[in-house]
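Take a look at the structure below.

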Amino acid sequence: MKAKLIRMTEENLNIPALEEAGEILKNGGLVGFPTETVYGLGGNALDPEASRKIYAAKGRPSDNPLIIHIADLEALPPIVREIPEKARILAEACWPGPLTMIFPKADIVPYETTGGLDTVAVRLPSNEIAREMIRRAGGYVAAPSANVSGRPSPTTAEHVAEDLGERIEMIIDGGLVQIGLESTIVDCTEETPMILRPGFLNQEKLEEILGRVELDPGLLGETAHVRPKAPGMRYRHYAPKADLSIVEGDSEAVVSEIRRLSREYRQAGKKVGIICTDETRAHYTEGTVLSIGARAEEETIARHLYEVLRQFDETQVDVIFSESFHTPQMGMAIMNRLLKAAGHRVISAGSESEEKEWEQ
Ligand code: TXA
Ligand code: MG
């Protein structure tokens, strides 16, 4: 591996290593680093060449814009043309944290970073390793998730090394991330704020702070007639190598349908994988069974989703059946990612349907 791997925790920062990361970034290099959501692939956001390198390292289409990460609120005004009132309120309530907002971009932000758009996405993460690194890098770090395009986002430094270890200068290992799903993206440039990507901060929570908040109608599955506003939400992302289907229905019906399907596929000579929860694990006796977490603690489901999808790529199963996870807080975000990974293949426990939407 080419990348230098450095371990640290938020409580015990390795300052010399963070300074080295800052230097690499200032000189146009790339660093993988932890945030509270997923690991990021950082480059200097104000350097067009660094942004080009990010796209090349990920194999990402260059019309899919990057998020600029800042460490302090004072870093916002220089990169945006205006700060809408609702964005100011949301920033005060939710930053630092798993929230990205869209602003009209200032001239110093290169089009290479925004994928040619006149708007820019900005996020102030809460992870202390990320913030200290950003400060030492000059204050503006463009960072997509640190995975090769089309693979699940990384939730550990090992995932980053697997995907990008040969292509970047340094990886900072801060352990397993806290949340495990990418930030909520909100566009406050219109009269009514709009969620462009669901995340840990859900619609209900945002409405408590802002009043009415809309959901981008383009998010409503492949049946939606409008394209999602966030370019990245248009691509089929996070796809495991095996065919993944999600089984919907009440818990008992889902378990018996997955048992029936796995028997049927195994008899046809296929290797079957099952994604379940701690509560249902004991009901599955055939195939490769991975529990994603506990329904009783939904944050464990979010945190392990991408890890489980990656594990299945290593076990080489042919088909995967997953339970559905409409949990109270993060259900929309979890199901949004899982449905994309499944290419919207949904089986109703009872009857089969290709086009069920993920609305709760
Ligand atoms: O949690 C996160 O946000 C992680 C960590 C590393 O901070 N980053 C992340 O970046 O998920 P990425 O590049 O994987 O996803 C960025 C998303 C894409 O869907 C992109 O299209 C959207 O943000 N986006 C970026 N700039 C935008 C803009 N100006 N307008 C609309 N969508 C934008
Ligand atoms: Mg990504």
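This is a predicted model: local features need pLDDT of at least 70, side-chain atom pairs count only at pLDDT 80 or more; totals for chains, interfaces and linings use all residues.

Next, the charges. The protein has 57 negative side chains and 40 positive ones. The centres of the two sets lie 4 Å apart.

Now the overall form. Along the principal axes, the C-alpha atoms fill a box of roughly 60 × 50 × 35 Å. The radius of gyration is 20 Å. A compact globule with 360 residues would have a value near 21 Å, so the protein agrees with that expectation.

Turn to the fold. The protein has 17 strands and 10 helices. Consider its contacts with a separation of 6 or more: 67% of them join residues 24 or more positions apart. Burial can be counted too. Of the 360 residues in the protein, 57% are buried.

Last, the cysteines. How many disulfides does a search of the whole structure find? The search finds 0. A disulfide needs the two sulfur atoms within 2.5 Å. Is Cys188 buried or exposed? Cys188 is buried, because its relative accessible area is 4%, and the cut-off for burial is under 20%. Cys276 is also buried, with a relative accessible area of 0%.

Methods. Residues are numbered from 1 along each chain as its sequence is written. Chains are lettered from A and ligands numbered from 1 in the order in which they are written. Side-chain values use heavy atoms; hydrogens and water are left out. Helices (H or I, at least four residues) and strands (E, at least two) are DSSP runs, numbered from the N terminus. The radius of gyration is taken over C-alpha atoms; the globule rule is 2.2 Å times the number of residues to the power 0.38. Buried means under 20% relative accessible area, exposed over 50%, partly exposed in between (1.4 Å probe, protein chains only). Contact means heavy atoms within 4.5 Å. Lys and Arg count as positive and Asp and Glu as negative; His and the chain ends are not counted. The place of a charge is taken as NZ of Lys, CZ of Arg, CG of Asp or CD of Glu.
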